[in-house]
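Hi,

Here is the structure I promised to pass on.

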Amino acid sequence: MNIKDLYYFQRLISTQSYTQTAADFHVSQPTISQAIKRLERHFQVTLFFRQAKTKALVLTPSGQQLLLAANDIINNWQHVNESISHLRQHTLRFGIEPSVSEHYLPALTKPIIEQDLLSSVHTVEMGANQLVKQVLAGQLDLAISGNLDQTLDERLAVTPLRPFKFRILANVAHPLAKG
């Protein structure tokens with residue numbers, strides 16, 4: 001199976017037209033037809049049928065399942081391509097929570113500056129939930145988050161960093177100050 005076939009299938013369902021899909025990909029109409037036939041042969045199913053009155057393409061249950069999977073596969077494929085492209089360019093897309101950056105960023109940037117790699121690091125600050133979303137979407141290569149209460153997605157590789165020291169500040173008259 002060729003990933004291009006999934007692109008063709010996805011677009012065909014979107015455009016509802018073999019002619020338009022072929023034009024969108026700058027290929028011949030038979031190329032699209034052959035791709036659909038390859039997918040149907042591979043899965044040994046009919047993916048859709050053409051409605052008699054409206055000529056609309058109606059997905060079978062197998063076609064619906066393949067379209068959902070094709071959307072995921074194509075999105076993941078695009079993210080992988082972007083990530084590898086960034087690696088080829090020797091860039092690192094790095095996200096960090098603002099509250100954490102004041103503790104960790106100075107220690108992290110010192111060796112980066114010493115190795116003259118600062119121009120290869122693109123840093124953004126945002127909240128923990130947004131960091132997780134962007135790492136999963138392939139928009140960030142890595143992130144540092146201090147939000148340990150967050151339920152982490154199993155698709156993330158998580159490495160704990162050493163804990164940083166913190167202090168509780170209280171007025172001397174407050175009951176917490178009497179320890």
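Predicted model: local features only at pLDDT ≥ 70, side-chain atom pairs only at ≥ 80, totals over all residues.

His26 is exposed, with a relative accessible area of 74%. That residue is found in the loop between α2 (18-25) and α3 (29-43).

Gln44 is not a glycine either, yet its phi is positive at about 55 degrees. You'll find Gln44 in the loop between α3 and β1 (48-50). Is Gln44 buried or exposed? With 73% relative accessibility, Gln44 counts as exposed, the cut-off for that being over 50%.

Now to the sheet. Three strands make up an open sheet in the order β4-β3-β5, and the pairing is parallel. Which strands stand at the edges? Those are β4 (121-125) and β5 (142-144); each has a single partner strand, so one side of each is left without a neighbour in the sheet. From one strand to the next, the twist averages 25 degrees.

If you want to trace the pairing yourself, go to β3 (residues 92-96), which pairs with β4 in the parallel sense over five bridges. A handy place to start is Leu92, whose bridge partner in β4 is Val121. A helix sits against this sheet as well: α6 (residues 128-136) packs on it and touches β3 and β5. The direction of α6 makes about 165 degrees with that of β5.

Last, the aromatics. How many aromatic pairs does a search of the whole structure find? The search gives one, and its members are Tyr8 and Phe25. A pair of aromatic rings is described by the distance of the centres and the angle of the planes. For Tyr8 and Phe25 the figures are 4.9 Å centre to centre and 75 degrees between the planes, which is an edge-to-face arrangement; planes over 60 degrees apart count as edge-to-face.

Cheers

Terms used:
Residues numbered from 1 in each chain as written. Heavy atoms only, no water. Helix = DSSP H or I, 4+ residues; strand = E, 2+ residues; numbered from the N terminus. Buried < 20%, exposed > 50% of the residue type's maximum accessible area, 1.4 Å probe, protein only. Pairing = 2+ DSSP bridges. Axes fitted to C-alpha atoms, helices over the stretch in contact; angles between N-to-C directions. Contact = heavy atoms within 4.5 Å. Phe/Tyr/Trp six-rings, centres within 6.5 Å; stacked < 30°, edge-to-face > 60°.
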